[in-house]
Amino acid sequence: MKSPALILTFGLACLGLTGCYTVPVPLNNQADLDKTGILLPDTRFPSNAVREKVLPVLLKKGFHWNNPRYTLGHHLIKGNRLVLSDSKGHLSVVRYQAVFSDSGFRIYHYLPTKSGDIERRGESVATGLLQCVYNRPATAFGNYHKISFPTFLVDGLFGGAVNTLLSPALLVWCETVDRLPLAYHSFRITPDKKLSHLLTLLEEQAAKHSLHSDLQKGKPIPRNVTTPASVE
């Protein structure tokens with residue numbers, strides 16, 4: 001027999017599931033991108049030296065070029081991650097996530113009758129999970145002055161106690177059967193700091209290697225000239 005603590009823990013875990021409304025957006029399907037309104041920027045490398053240094057590393061980590069048959073543009077992607085250039089022209093990696101808003105739960109609509117009972121009349125939408133679990137008892141408590149005392153005892157007090165004992169099963173039922181489909185709200189772009197830091201290090205290494213190669217070849221180091229040289 002399950003202990004009350006275990007039942008309560010399971011119920012709270014199910015209740016916590018209602019806060020998870022962020023879903024990764026696969027970047028290899030143009031239909032998903034169109035539905036979410038995402039327009040991906042092309043992946044552009046600052047220089048050929050950076051490309052030769054960074055691209056093999058990203059390919060080993062599972063990144064790949066998008067298939068033009070399924071998505072538009074020219075992107076280096078992996079799942080919901082994209083390699084792009086930031087405002088300063090440096091490479092970085094970002095994640096695309098779709099944000100959904102809660103549409104509520106489908107529940108029975110109960111109303112008090114003239115005889116003092118509670119009668120089911122169609123369906124309505126509950127905005128919270130607890131309203132789905134305690135639908136009929138909540139109606140009895142909210143309309144205690146319009147219903148008879150026996151109805152209040154049966155549907156309110158006794159019904160609330162029964163629903164509390166059955167709350168783990170009712171929570172699962174509400175989440176799996178009564179929950180309405182989530183409504184798409186917007187998309188969110190978050191940086192992948194670990195991979196972006198790696199790309200910054202690789203860019204710096206590529207710049208140092210390019211400078212070293214220029215010095216070995218005898219090429220002058222470009223300098224910013226602010227004033228024209230005097231001619232005698």
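# A working chat about a predicted model

Modeller: The protein chain has eight helices and eight strands; helices (H or I, at least four residues) and strands (E, at least two) are DSSP runs, numbered from the N terminus. This is a predicted model, in which local features need pLDDT of at least 70, side-chain atom pairs count only at pLDDT 80 or more, and totals for chains, interfaces and linings use all residues. Residues are numbered from 1 along each chain as its sequence is written, and side-chain values use heavy atoms, with hydrogens and water left out.

Colleague: What share of the 232 residues counts as buried?

Modeller: Of the 232 residues, 32% count as buried. Buried means under 20% relative accessible area, exposed means over 50%, and partly exposed is in between (1.4 Å probe, protein chains only).

Colleague: Which residues have the most contacts inside the largest nonpolar core?

Modeller: Val54, Val83 and Leu199 do, in a core of 14 residues. A nonpolar core here is a set of buried Ala, Val, Leu, Ile, Met, Phe, Trp, Tyr and Cys residues joined through side-chain atoms within 4.5 Å. Two or more residues each come from helix H3 (48-60), strand E5 (91-101) and helix H8 (193-216).

Colleague: And what is leucine 199 in contact with?

Modeller: Setting aside neighbours within four places in sequence, leucine 199 is in contact with Val54, Leu58, Val83, Leu91, Ser92 and Val93. Contact means heavy atoms within 4.5 Å.

Colleague: Is strand E4 enclosed or exposed, and why?

Modeller: Strand E4 (residues 81-85) is largely enclosed by the rest of the structure, because four of its five residues are buried.

Colleague: Which strands does E4 pair with?

Modeller: Strand E3 (residues 76-78) pairs with E4 in the antiparallel sense over three bridges, and five bridges join E4 to E5, also antiparallel. Two strands pair if DSSP finds at least two bridges between them. Leucine 76 has valine 83 in E4 as its bridge partner, while leucine 84 has serine 92 in E5.

Colleague: What about the hairpins there?

Modeller: The hairpin of E3 and E4 has two residues between the strands, and glycine 79 takes a positive phi near 65°. In the hairpin of E4 and E5, with five residues between the strands, glycine 89 takes a positive phi near 85°.

Colleague: Changing topic: how many salt bridges does the structure hold?

Modeller: Seven. A salt bridge is a side-chain nitrogen of Lys or Arg within 4 Å of a carboxyl oxygen of Asp or Glu.

Colleague: Which parts of the chain does the pair of aspartate 192 and arginine 95 link?

Modeller: Their side chains meet in a salt bridge at 3.1 Å, N to O. The pair links distant parts of the chain, with aspartate 192 in the loop between strand E8 (183-191) and H8 and arginine 95 in strand E5, 97 residues apart. Aspartate 192 is buried at 4% relative accessibility, whereas arginine 95 is partly exposed at 29%. Arg81, Arg95 and Asp192 are linked in a network of salt bridges.

Colleague: How much space lies in the largest pocket?

Modeller: About 290 Å³. On a 1 Å grid over the protein atoms alone, a pocket is an open set of points where a 1.4 Å probe fits, with protein on both sides within 12 Å along at least five of seven lines; lining residues have an atom within 4 Å of a point. Grid points are joined across faces, edges and corners, and a volume is the space filled by probe spheres set on the points.

Colleague: Which lining residues are closest to its centre?

Modeller: Of the 16 lining residues, Ile107, Tyr108, Cys132, Asn135 and Asp178 are the closest. Elements giving two or more residues to the lining are E6, helix H4 (129-133), helix H5 (135-142) and helix H7 (167-178).

Colleague: What does E6 pair with?

Modeller: Strand E6 (residues 105-112) runs antiparallel to strand E7 (residues 118-126), joined by seven bridges. Tyrosine 108 stands opposite glutamate 123 in E7.

Colleague: Which residues in H5 are buried, and what covers them?

Modeller: Asn135, Pro137, Thr139 and Ala140 are buried in H5. What covers the buried residues of H5 includes E6, E7, H4 and helix H6 (149-165).
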